[in-house]
Amino acid sequence: MRQKIRRIPIYISLLLFPITLNFFSPYVSIDGAMNGIISGSLLLFFLMFITSIFFGRAWCGWICPIAGLSEMCSYINNKNVNVKRLKIIRYSMFTIWAGVLVAMIIISDGIKGIDPLYLTETGISVDAPVKYITYYLVLLLFFVTTILVGKRGACQSLCWMSPFMVAGVTVGKLLHIPQLRIKADVSKCVNCNACNKKCPMSIPVGTDMKEGFIKTSDCILCGECVDTCPKKALTYGIK
Ligand code: SF4
Ligand code: SF4
Ligand code: SF4
């Protein structure tokens, strides 16, 4: 039941993607930086960082439009992926993007203003037929990558937003701020492996939970493992 409820916002979010696309755009933030403007997308990335200090990567499990697309793809390819290898690709691309962003802000003589509707004056991202080209290309990129790579393949390899959330989770941990996490009662576990198979982020849940909670910042708090565990060894909790 919980998983059915969880899928409602991510599918609605996917349907609204033509409206919201620019607010996730790495290009819009760079274009804004070239003019010394903090755009809506950069504001959203900052909001992701802040919220993840308290709620981890719940955004990825419960809200993101690409989460909706990824879950649809999982009906076609639901193989676990090599997270470490894909992370190298993701962080390499993120470093280049972040470097260009900072360079643009410096070249444009610093930040001159904030415009949440930068390049989205109507408030709707796809507000002209030609913009559907960008929209479908983005969808195609995420769809094909996920189908070819496996579970959340595009999230694991391409996403420029997740590093903001990983940073937020890490800051929360370092500052000992209470965080929403998946807690584990290790004594109940019978090593059945069901959680490992079910996890959309290919986390080895049975191993990662040995300290009494899921440690990795890859966890998107979807609760698939919680709902799958036959021994009720996993629960949501505050760490
Ligand atoms: S990893 Fe990126 S694309 Fe995937 S659900 Fe999270 S924010 Fe969305
Ligand atoms: S560990 Fe559990 S809550 Fe975290 S991503 Fe995997 S299935 Fe979802
Ligand atoms: S599903 Fe539950 S019992 Fe099975 S390995 Fe995972 S935590 Fe242990």
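Author: Start with Asp 218. It counts as buried, at 5% relative accessibility.

Reader: What does buried mean as a cut-off?

Author: Buried is under 20% relative accessible area, exposed is over 50%, and partly exposed lies in between (1.4 Å probe, protein chains only). Before we go on, know the source. This is a predicted model, where local features need pLDDT of at least 70, side-chain atom pairs count only at pLDDT 80 or more, and totals for chains, interfaces and linings use all residues. Residues are numbered from 1 along each chain as its sequence is written, chains are lettered from A and ligands numbered from 1 in the order in which they are written, and side-chain values use heavy atoms, with hydrogens and water left out.

Reader: Which residue forms a salt bridge with Asp 218?

Author: The general rule first. A salt bridge needs a side-chain nitrogen of Lys or Arg within 4 Å of a carboxyl oxygen of Asp or Glu. For Asp 218 the partner is Lys 87, with the closest N and O atoms 3.2 Å apart. The two are 131 residues apart: Asp 218 is in the loop between helix 12 and helix 13, and Lys 87 is in helix 7 (residues 83-107). Helices are DSSP runs of H or I with at least four residues, strands are E runs with at least two, and both are numbered from the N terminus. Lys 87 is partly exposed, at 25% relative accessibility.

Reader: How many salt bridges does the rule give?

Author: The count is 9. Take Glu 71 and Arg 6, whose side chains meet at 2.9 Å, N to O. This pair links distant parts of the chain, with Glu 71 in helix 6 (residues 65-73) and Arg 6 in helix 1 (residues 2-15), 65 residues apart. Glu 71 is buried at 7%. Arg 6 is buried too, at 0%.

Reader: Which residue pairs with Arg 7?

Author: Glu 224 does, with the closest N and O atoms 3.0 Å apart. Glu 224 is in helix 13 and Arg 7 in helix 1, so the bridge ties together parts 217 residues apart in sequence. Glu 224 is buried, with a relative accessible area of 7%. Salt bridges with shared partners join Arg 6, Arg 7, Glu 71, Arg 152 and Glu 224 into one network.

Reader: Where is Arg 152?

Author: In the loop between helix 8 (131-149) and helix 9 (153-157). Arg 152 counts as buried, at 4% relative accessibility.

Reader: Which residues surround ligand 1?

Author: The test is distance: a residue is near a molecule or strand if one of its heavy atoms lies within 4 Å of it. Around ligand 1 that includes Arg 57, Trp 59, Cys 60, Cys 64, Arg 152, Cys 155 and Cys 159. Helix 5 (58-62) and helix 10 (162-174) each supply at least two residues of this shell.

Reader: How does the shell split by class?

Author: Nonpolar means Ala, Val, Leu, Ile, Met, Phe, Trp, Tyr, Cys and Pro; charged means Asp, Glu, Lys and Arg; the others, Gly among them, are polar. The shell around ligand 1 has 8 nonpolar, 1 polar and 2 charged residues. The shell around ligand 2 has 10 nonpolar, 1 polar and 1 charged.

Reader: Which residues are around ligand 2?

Author: Among them are Cys 199, Cys 219, Leu 221, Cys 222, Glu 224 and Cys 225. Leu 221 lies in the loop between helix 12 (205-208) and helix 13 (224-228). Its phi is near 55°, positive in a residue other than glycine. Leu 221 is buried, at 3% relative accessibility.
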